[in-house]
Amino acid sequence: MGSPAQDAQSKTFSIKLWPPSESTRLMLVERMTKNLSADSDSIFSRKYGCLGKEEAHENAKRIEEMCFASADEHFKDEPDGDGCSAVQLYAKETSKLMMEVLKRGHTTTAEPEAPVVDTPPEPADTVFDISGSTRAFIEADEAKELLSPLTKPGNSYKRICFSNRSFGIGAANVAGPILESIKNQLTEVDISDFVAGRPEDEALDVMRIFSKALQGSVLRYLNISDNALGEKGVRAFEELLKSQYSLEELYAMNDGISEEAAKALSDLIPSTEKLKVLHFHNNMTGDEGAMSIADMVKRSPNLESFRCSATRIGSDGGVALAEALGTCTCLKKLDLRDNLFGVEAGIALSKTLPKLPDLIELYLSDLNLENKGTIAIANVLKQSAPRLEVLEMAGNEITAKATQALAECLTAMQSLKKLTLAENELGDDGAVVIAKSLEEGHLDLKELDVSTNMLRRAGARCCAQAITNKVGFLQLNINGNFISEEAVDDVKEILKGGKNSLGLGVLGSLDENDAEGEPGDDDEEGDDEEDGEGGLESKLQNLKVEEE
């Protein structure tokens with residue numbers, strides 16, 4: 001038992017996790033909307049079907065409000081707690097209610113939206129899923145019980161998910177014959193994260209047993225992510241991979257895919273001509289490994305979604321990938337984030353982008369593009385990607401010098417829903433140019449992130465003015481800047497006076513804003529002007545809130 005002084009001190013420094021901020025609640029609604037709608041491609045949406053976007057959004061709002069109220073009541077019963085249990089209840093109940101909505105299906109009488117994919121939802125009894133909510137080790141006896149539905153004569157299971165369950169050698173020996181008996185009816189197999197915590201030799205033996213059992217199955221979907229494969233693991237799946245000629249989706253994320261492993265994967269899969277989704281996120285591929293991935297990409301003319309983020313690929317590998325992507329003229333989603341491309345690879349990518357007319361989402365954050373690479377990409381996007389809905393270019397050392405090219409590009413993108421330019425060096429000059437390009441039109445814009453960009457009063461106000469009259473806008477992130485308290489008040493007044501029904505609710509957290517700080521010695525704005533705005537005040541004179 002501590003002294004009163006100690007108790008008081010501990011209370012002073014305690015962190016309250018509840019309630020969540022308004023922006024956090026809005027982001028949860030948006031995430032649930034995506035998971036409930038046709039934008040989601042989870043095993044649950046494939047199992048139970050999905051909702052139209054409007055219906056999904058209405059359900060998401062209702063679920064969030066109910067779960068928030070429930071968790072808030074729970075929090076009131078533990079006034080001295082940190083809110084951790086309330087947060088857990090909030091998350092648990094939202095997941096539970098989302099699943100109930102998916103199982104129930106459409107509830108409105110409105111005409112449903114056209115499905116995104118041409119395959120109708122399968123009845124529930126075609127999907128066998130033992131992934132559960134918490135990771136668990138599976139041994140022989142439990143495997144017999146868990147997998148018993150697959151042994152029933154005449155079962156119609158086409159899709160299996162063993163993710164999040166760690167199979168030992170005994171459990172694998174049980175699973176092997178069962179899988180072999182139904183392999184000819186399977187079309188989708190998810191064996192991601194199914195050997196976690198096992199010694200390497202045992203894990204490799206388990207993979208070989210599954211591989212042999214599934215050899216010759218005609219799969220359209222295969223997920224082998226989160227298995228720390230490396231080259232040994234890839235080759236443990238040799239029999240399965242070499243028999244696949246009809247894959248449409250392949251996921252090998254967080255697998256320790258090295259240069260050698262990437263080459264093995266490329267060599268083992270005999271055909272990727274039908275491939276539509278190829279995801280390699282969070283591996284250690286490097287430049288040489290990127291060459292092997294590029295070979296796979298070249299052989300995948302029907303690719304619609306390619307993710308090769310956080311794979312340690314540098315300039316040479318980036319150039320090879322950019323050139324290979326030129327054959328993927330059906331590409332809709334491209335994610336190359338968090339690599340070491342640099343300017344040269346950025347320019348190579350700019351030469352490929354005009355060949356991708358159907359691009360909807362483009363993720364190019366943290367690629368070291370700098371101004372030169374950014375300008376090259378922006379100049380081609382304004383002509384080639386008018387349908388783009390998501391553009392992320394955070395962390396690329398972009399300064400105000402590149403914003404005119406970006407602004408011209410953004411003006412052409414009237415379908416844009418999300419723009420992320422966080423962690424650059426826009427300053428107020430650059431932010432004003434970007435904001436002006438978004439002010440007119442862009443009726444579908446939902447998110448704008450210009451956090452950590454050395455913004456002060458002028459840049460913050462312009463960004464607020466750009467979005468305040470967009471009725472469906474959801475979040476403005478200007479955190480991590482140098483916006484004075486007076487300027488924050490200005491931003492709030494602009495948002496309150498706009499047409500957006502959420503008003504101040506769209507403003508994200510400002511917990512990392514430095515209201516008394518300065519952007520730095522290299523900031524081009526004069527320090528002798530009020531709030532450091534220099535000549536930017538004149539650019540704000542015409543940016544008044546339009547009243548209803």
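Contact here means that heavy atoms lie within 4.5 Å, and helices (H or I, at least four residues) and strands (E, at least two) are DSSP runs numbered from the N terminus. This is a predicted model, in which local features need pLDDT of at least 70 and side-chain atom pairs count only at pLDDT 80 or more, while totals for chains, interfaces and linings use all residues. Residues are numbered from 1 along each chain as its sequence is written, and side-chain values use heavy atoms, with hydrogens and water left out. The protein chain has 20 helices and 15 strands.

**The chain as a whole**

- Of the 548 residues in the protein chain, 52% are buried, where buried means under 20% relative accessible area, exposed over 50%, and partly exposed in between (1.4 Å probe, protein chains only).
- The protein chain exposes about 25000 Å², and carbon and sulfur atoms supply 49% of that area.
- Among contacts in the protein chain between residues at least 6 apart in sequence, 86% join residues that are at least 24 apart.

**Nonpolar cores**

- A nonpolar core is a set of buried Ala, Val, Leu, Ile, Met, Phe, Trp, Tyr and Cys residues joined through side-chain atoms within 4.5 Å, and the largest one has 127 residues, with Phe 162, Phe 167, Phe 210, Phe 306 and Leu 391 having the most contacts inside it.
- The largest share of this core, eight residues, is supplied by helix H8 (residues 200-214).
- Apart from this core lies another, of 19 residues, which includes Trp 18, Leu 36, Ala 60 and Ile 63.
- Leaving aside residues up to four places away in sequence, Phe 210 touches Phe 162, Phe 167, Ala 172, Ala 175, Leu 179, Ile 191 and Phe 194.

- Helix H13 (residues 315-324) and helix H14 (residues 342-352) pack at an angle of about 0 degrees with their axes 8 Å apart, which makes H13 roughly parallel to H14.
- Axes are lines fitted to C-alpha atoms, for helices over the stretch in contact, and angles run from 0 to 180 degrees between N-to-C directions; angles under 35 degrees count as roughly parallel, over 145 as roughly antiparallel, 65 to 115 as roughly perpendicular and the rest as oblique.
- In this pair, Ser 315, Gly 318, Val 319, Ala 322 and Glu 323 of H13 meet Glu 344, Ala 345, Ala 348, Leu 349 and Thr 352 of H14.
- The axes of H14 and helix H15 (residues 370-384) come within 8 Å and cross at roughly 5 degrees, and H14 and H15 are therefore roughly parallel to each other.
- Here Val 343, Gly 346, Ile 347, Leu 349 and Ser 350 in H14 meet residues of H15, among them Ala 376, Ile 377 and Val 380.

**Residues in loops**

- Leu 416 is placed in the loop between helix H16 (403-412) and strand S13 (418-420), and Leu 416 is buried, with a relative accessible area of 0%.
- Among the residues that Leu 416 touches, not counting those up to four places away in sequence, are Leu 391, Leu 410, His 442 and Leu 445.
- Most residues other than glycine have a negative phi.
- Asn 254, in the loop between strand S7 (249-251) and helix H11 (259-268), has a positive phi, near 50 degrees, and Asn 254 is partly exposed, with a relative accessible area of 37%.
- Met 454, in the loop between strand S14 (447-449) and helix H18 (457-467), also has a positive phi, near 60 degrees.

Definitions and conventions: Areas by Shrake-Rupley, 256 points an atom, 1.4 Å probe, with all protein chains shown as cover.
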